[in-house]
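Open the model in your viewer and keep the selection tool at hand. The tour goes from one selection to the next and says what is there.

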Amino acid sequence: MTVPEPPSEHDDDEDAPLLPDIRPPHISSPSSSSSSLPFYQTRSRLIITLIIFAIIFILAFGGYLIGVPSIRLYEDIVCHHYYNRLEGKEHRGLGEDIEERLCKADLVQEELNFLLAGLHFLGAVPPLLTAVPYGLLADRIGRRPVLLLAISGLFLANLWSLMIMRFWRHIPVRLLWLDPIFTLIGGGEAVGSMMFYAIGSDVTPQAKRANIFLMGGGMGLFAEIIAPSIASFLMTKSPWIPLLIGISAFLPAAALLVFIPETLHMRPRESESATLTPDAVSERSLPIDEDDKPGFFGSIISQAVNSLKEVYGSLAVLHSLPILLLLLAFLIQPFGRQSAGLLLRYISNRFGWELSQAGYLLSLRAFICAVLLFALLPSISHYLTKRLHFSSSQKDIILARISVILLVVGALLIGTSPTIVGTIMGLVVFTLGAGTDALTRSLVTSLVGQEHVGQLYAAIGLVETCGSLAAGPTFAALYTLGLRLQGPWVGLPFLALALICFVGAIGIWSFGCLKRKHPRERTPSGEDEVEENTLLVMPDAAEAGAINIV
């Protein structure tokens with residue numbers, strides 16, 4: 001974590017105007033354009049950052065409120081259709097109440113598994129199609145409009161799901177698969193995350209960006225700690241209560257956007273100032289010949305071609321065996337992320353827990369993850385480097401090896417434990433390995449020169465994208481097979497997760513034996529600390545596509 005610097009002469013007023021009137025004549029003053037607005041737009045960099053943090057927290061809080069109740073309502077709908085098709089004493093009409101324990105029948109869980117697997121797979125498609133176009137659009141019209149579009153698309157997608165759940169007697173439940181279509185409006189969570197990071201980059205000096213990104217990730221993690229527990233408590237009354245509250249949270253989040261100015265042309269001063277200056281000398285502030293200015297769709301095509309060239313160029317870094325070994329570890333994150341949603345249904349089905357009870361485990365997992373990222377890893381890193389005098393690379397190798405072993409052991413415990421206590425212990429152990437991705441990213445980055453980092457990250461992104469597309473169908477097929485085999489085989493997806501983690505462990509442990517020194521200067525200790533903090537946040541950013549725009 002960066003050490004706070006002494007306040008400069010510009011630091012004595014956090015509420016000073018962001019845009020001092022130093023614009024060239026062809027750029028209008030922001031005060032003149034905003035004076036007619038019926039609401040106040042802040043001019044403080046601090047307040048802009050706090051508002052962005054508030055929006056992140058509100059959206060994450062609403063999203064985690066929706067998660068578990070939605071699964072329960074989907075299960076109830078599938079369950080009603082299943083018992084309505086039966087004859088005799090087991091028949092239940094669509095209007096009758098059905099206890100949750102009766103919905104754990106294998107055929108009900110297979111249909112629910114198929115429904116959610118299709119939803120997750122289709123949900124991964126819009127971000128792949130829209131990240132580049134909306135990134136270019138944000139550089140042309142601004143961050144706020146694109147962020148508002150992303151929030152609107154997510155809101156409409158949740159309204160569609162709400163309509164399916166409300167009128168399930170008349171609408172086929174598989175029409176839920178149309179949900180991702182609405183995220184084409186704004187690009188969904190991926191583009192929303194991109195805009196948060198872009199705004200943070202616009203208004204924050206480079207020396208403080210790592211801490212700002214870390215705190216922004218902390219807002220989402222804090223929401224994950226409290227929201228699932230609140231949702232589980234409210235579900236004892238009705239699953240509709242947390243569901244409606246969660247969907248309603250999108251409205252105040254969107255409303256907060258009107259209180260921050262557009263940050264596209266804002267750039268923080270080189271000094272540690274609370275004010276921003278207009279990017280008057282940048283190319284976008286200078287007059288551009290319209291004949292030479294590429295069209296929007298031309299820019300999209302050009303960017304797509306460049307992306308393909310980057311992917312092709314990234315194959316060059318694969319000539320290194322250590323890099324190939326470490327790339328194996330990047331398959332862990334997409335499969336681990338997919339297993340989190342399956343875990344609730346697995347525990348509910350195998351151990352007879354209600355979904356509302358299993359939801360508390362999400363808060364437990366988030367709390368452990370917060371302690372790990374904000375306390376354990378920084379403390380252990382400091383001890384290894386300052387007390388034992390390990391180099392940064394040696395420290396990362398040790399922590400990565402320990403973390404990936406924790407992932408393997410945790411997944412095995414979850415998949416094989418015959419008791420709920422053992423499964424929860426497995427969840428705790430697995431969560432303690434959550435730093436594997438960040439540590440591996442640090443290690444693999446140290447193997448290439450600065451000029452090849454872009455190619456390396458393109459290769460990492462390709463591996464993670466392939467993993468994301470494969471994880472949903474793979475786990476769905478394995479869980480369905482486990483339900484049919486019954487008994488301990490229900491944990492088959494987590495045994496597969498343990499196998500994938502083991503493959504990643506082979507890569508990380510073998511890397512330590514094959515590592516060769518690379519002629520590259522090390523950064524000063526202060527910058528090293530910033531890099532470590534950044535690495536703790538960047539996996540989330542990359543997961544949502546944010547790293548492409550910041």
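Select helix 3 and helix 13: Gln109, Leu112, Asn113, Leu116 and His120 of helix 3 meet Gln338, Arg345 and Asn349 of helix 13, where contact means heavy atoms within 4.5 Å. By class, this contact has two nonpolar, five polar and one charged residues. Ala, Val, Leu, Ile, Met, Phe, Trp, Tyr, Cys and Pro count as nonpolar, Asp, Glu, Lys and Arg as charged, and the others, Gly among them, as polar. The two helices, helix 3 and helix 13, pack at an angle of about 170 degrees, with axes 12 Å apart. That makes helix 3 roughly antiparallel to helix 13. Angles under 35 degrees count as roughly parallel, over 145 as roughly antiparallel, 65 to 115 as roughly perpendicular and the rest as oblique. Axes are lines fitted to C-alpha atoms, for helices over the stretch in contact, and angles run from 0 to 180 degrees between N-to-C directions. Helices (H or I, at least four residues) and strands (E, at least two) are DSSP runs, numbered from the N terminus.

This is a predicted model, in which local features need pLDDT of at least 70, side-chain atom pairs count only at pLDDT 80 or more, and totals for chains, interfaces and linings use all residues. Residues are numbered from 1 along each chain as its sequence is written, and side-chain values use heavy atoms, with hydrogens and water left out.

Helix 3 (106–123), helix 13 (332–351) and helix 19 each supply at least two residues of the lining of the largest cavity. On a 1 Å grid over the protein atoms alone, a cavity is a set of points where a 1.4 Å probe fits but cannot get out, and lining residues have an atom within 4 Å of a point. The structure holds one cavity of 30 Å³ or more, and about 80 Å³ of space lies in the largest cavity. Grid points are joined across faces, edges and corners, and a volume is the space filled by probe spheres set on the points. The lining divides into five nonpolar, five polar and one charged.

Move to helix 4 (residues 125–141) and helix 5 (residues 143–166), which pack at about 140 degrees with axes 7 Å apart. Helix 4 and helix 5 are therefore oblique to each other. Tyr134, Leu137, Ala138, Asp139 and Ile141 in helix 4 meet Arg143, Pro145, Val146 and Leu149 in helix 5. This contact has seven nonpolar, no polar and two charged residues.

Buried means under 20% relative accessible area, exposed over 50%, partly exposed in between (1.4 Å probe, protein chains only).

- Ile247 sits in helix 9 (residues 240–248) and is buried, at 6%. Leaving aside neighbours within four places in sequence, Ile247 is in contact with Ile66, Phe155, Asn158, Leu159 and Leu162.
- Ala434 lies in the loop between helix 17 (420–431) and helix 18 (436–445); at 39%, Ala434 is partly exposed. Not counting residues up to four places away in sequence, Ala434 touches Cys369, Leu372 and Leu407.
- Phe233, in helix 8 (residues 206–235), is exposed, at 51%. Phe233 and Ser356 are 123 residues apart in sequence and 7.2 Å apart in space, C-alpha to C-alpha.

Finally, select everything: the protein has 21 helices and two strands, and 51% of its 550 residues count as buried.

Methods
On a 1 Å grid over the protein atoms alone, a cavity is a set of points where a 1.4 Å probe fits but cannot get out, and a pocket is an open set with protein on both sides within 12 Å along at least five of seven lines; lining residues have an atom within 4 Å of a point.
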